[in-house]
Amino acid sequence: MSQEHDGQHERQPGSAELFDPETDPLATYVLEPEDIATLLRRVVSSPGAATHTSHAPFTGAPIAAVPLSTPDDVARAARSARAAQRLWAARSVRERAAVLSAVHDLVLERQSDVLDLIQLETGKARVSAFEEVADIALVSRHYAARARRYLAPRRVLGTVPGLTSTRVLRHPAGVVGIIAPWNFPLTLTLGDVLPALVAGNAVLLRPDPQTALTALWAAELLEDAGLPAGVLQVVVGDGPTIGAAVIEHSDHVSFTGSTRTGRVVAAGAGERLVPATLELGGKNAMYVADDVDVDVAAEGAVRACFVGAGQVCVSIERIYVHRDVFDEFAHELARRTRELRLGTGLDYRSDVGSLTSAAQLATVVEHVEDALGLGARVLAGGVHRSDLGPWFYEPTVLVDVSPHARLFREETFGPVVALYPVASDDEAVAAMNDTEFGLNASIWTADARRGAALARRVHAGSVNVNEGYVGTWGSLGAPQGGWGASGIGVRHGREGLWETTRLQSIAVQHGAHGVLGLPPVGLRRLFDLGTDVWPQVYTELLRVMKAARLP
Ligand code: NAD
């Protein structure tokens with residue numbers, strides 16, 4: 001059975017820092033009250049606004065009373081963003097990219113502040129919070145260096161080569177609405193804000209109320225990096241209350257969250273005919289082939305499954321293991337999982353932190369109990385560690401999970417992984433693809449060529465060979481996005497930048513009014529030939545163009 005910690009549970013040395021709600025200083029020592037008040041003033045809200053009190057997952061203690069924006073506040077924020085966007089878009093890409101370059105330096109310089117904040121608001125271990133800092137440094141550097149090239153106008157062949165010159169331009173969409181979740185409060189806010197800004201958009205950012213301080217900290221950092229006031233507007237409120245208003249006032253919507261909510265957001269955007277980028281759920285699979293070094297694969301699996309206590313869209317929840325190495329791999333994964341250090345410290349001494357909310361804990365407990373009731377066995381974990389904090393759950397490895405168990409198909413979004421034996425590569429690929437989702441996958445084999453060939457057969461937007469998710473996520477030039485129920489559109493790379501732009505084709509006809517005293521040329525000369533002649537002439541021209549291999 002999934003258990004409560006009974007005080008007798010054996011942990012590996014150094015694992016537990018005890019939770020004491022009376023004395024725990026976490027809620028106060030991270031930021032001074034006046035710092036918090038300064039950040040909260042950035043929320044676009046009205047006098048006497050209702051507030052949301054967020055709680056620190058490590059302790060359950062209140063963090064801050066965050067003012068809530070109303071739909072009218074969202075409309076006001078959008079108007080200000082729209083006004084600021086015109087001036088921002090008039091700046092050169094080079095100037096806008098300089099802001100991103102400054103963000104890179106500032107986020108590294110000020111990392112200890114934001115690491116504290118991320119840990120405070122999400123309950124994740126510091127090493128997981130650092131992934132967010134590193135990610136923002138990568139994203140800002142990438143787009144600072146590449147935005148000009150990615151946004152440059154493109155020449156294409158004109159209707160009548162020589163007479164028509166055609167260029168394809170990218171314009172900013174205008175105001176980009178970003179509805180961000182709570183699991184990666186820096187990555188899933190700034191990581192989407194930065195490309196939208198460098199493309200010349202203003203941003204209407206709605207962070208999750210639980211993680212508003214991190215987003216507000218990021219807004220302050222952006223201003224210090226040189227972003228003009230007003231270009232980024234932060235509104236706070238729960239999705240059902242202000243989500244629709246964000247969609248209503250945006251020219252593009254970026255949403256990260258569950259598939260269920262993604263459908264609601266897509267419907268709202270569809271109603272307004274504005275595009276939406278949706279990164280949704282996953283049930284990401286890993287395959288461990290028969291030729292692996294089991295130690296290497298198990299180490300990678302631990303990172304791929306338990307970073308951020310498994311509340312990571314691209315983390316692994318199913319592992320198909322070749323039966324020749326199943327027992328050895330299962331033993332090694334369970335051993336390494338039991339060694340993970342759980343803790344609440346704002347330092348690098350723990351590997352895994354808390355789940356972020358009571359709701360996430362409830363899902364994890366439900367999924368594990370349901371699987372156990374249908375015959376699953378626990379190799380590691382399976383314990384709610386309320387001795388550490390209200391929502392801690394031990395990293396958990398399950399085997400013998402029934403296909404009828406909820407976690408066989410549904411995303412748990414927690415520190416739980418199930419192992420299934422397979423007899424061949426083909427069986428592994430079929431099992432990996434037996435899902436409505438298609439976000440991320442991972443393949444482990446000593447033969448890189450075999451891994452790459454298998455990867456092409458997996459239905460997912462990203463596949464990592466001999467890594468869990470960092471390989472693709474950290475390849476900033478490569479798009480990252482989901483197939484099927486995992487979403488629409490991508491972030492990262494040129495394609496991620498292009499999401500928040502609109503295309504415009506401009507074709508200029510030369511010589512239509514005559515040049516240097518010569519009679520006018522251009523399409524009109526063709527049509528002047530008369531309808532009985534010009535189709536024949538143009539037919540010949542088409543043949544010539546094909547013979548000349550014009551595209
Ligand atoms: P959720 O979809 O309910 O919430 C995600 C975010 O969407 C929250 O910030 C919420 O305020 C907002 N939201 C809710 N209703 C909305 C609406 N009608 N319009 C606009 N925004 C709305 O998910 P959750 O229950 O908070 O998180 C659990 C599930 O979410 C997980 O199982 C996982 O699938 C998914 N999730 C995925 C990611 C990711 O990175 N892909 C991140 C967080 C959550």
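A polar contact is taken here as a pair of N or O atoms within 3.5 Å; within protein, one atom must be able to donate a hydrogen and the other to accept it, and residues adjacent in sequence count only if both atoms are side-chain atoms. The model is predicted: local features need pLDDT of at least 70, side-chain atom pairs count only at pLDDT 80 or more, and totals for chains, interfaces and linings use all residues. Residues are numbered from 1 along each chain as its sequence is written, and side-chain values use heavy atoms, with hydrogens and water left out.

The side chain of glutamate 279 places an N or O atom 3.3 Å from a nitrogen atom of the ligand. The protein buries 85% of the 800 Å² that the ligand exposes when taken alone (accessible areas by the Shrake-Rupley method with a 1.4 Å probe).

The shell around the ligand comprises 26 residues, of which Arg206, Asp208, Ser258, Thr261 and Glu411 are the closest; a residue is included if one of its heavy atoms lies within 4 Å of the ligand. By class, 12 of these residues are nonpolar, nine polar and five charged (Ala, Val, Leu, Ile, Met, Phe, Trp, Tyr, Cys and Pro count as nonpolar, Asp, Glu, Lys and Arg as charged, and the others, Gly among them, as polar). Helix α10 supplies four residues, the largest share of the shell. Domain 1 (68-151 + 172-280 + 495-499) and domain 2 (284-475) each contribute at least three residues, the bounds coming from an automatic or database domain assignment.

An open sheet of six strands has the order β8-β7-β6-β9-β10-β21, with mixed pairing. Helices (H or I, at least four residues) and strands (E, at least two) are DSSP runs numbered from the N terminus, and two strands pair if DSSP finds at least two bridges between them. Strand β9 runs parallel to β10 (residues 276-279), and four bridges join the two. Valine 253 has alanine 276 of β10 as its bridge partner.

Across the whole structure, 28 salt bridges are found, each defined by a side-chain nitrogen of Lys or Arg within 4 Å of a carboxyl oxygen of Asp or Glu. Glutamate 279 forms one with arginine 491, the closest N and O atoms being 2.2 Å apart. The two residues lie 212 residues apart in the chain, glutamate 279 in strand β10 and arginine 491 in the loop between β21 and α18 (493-498).
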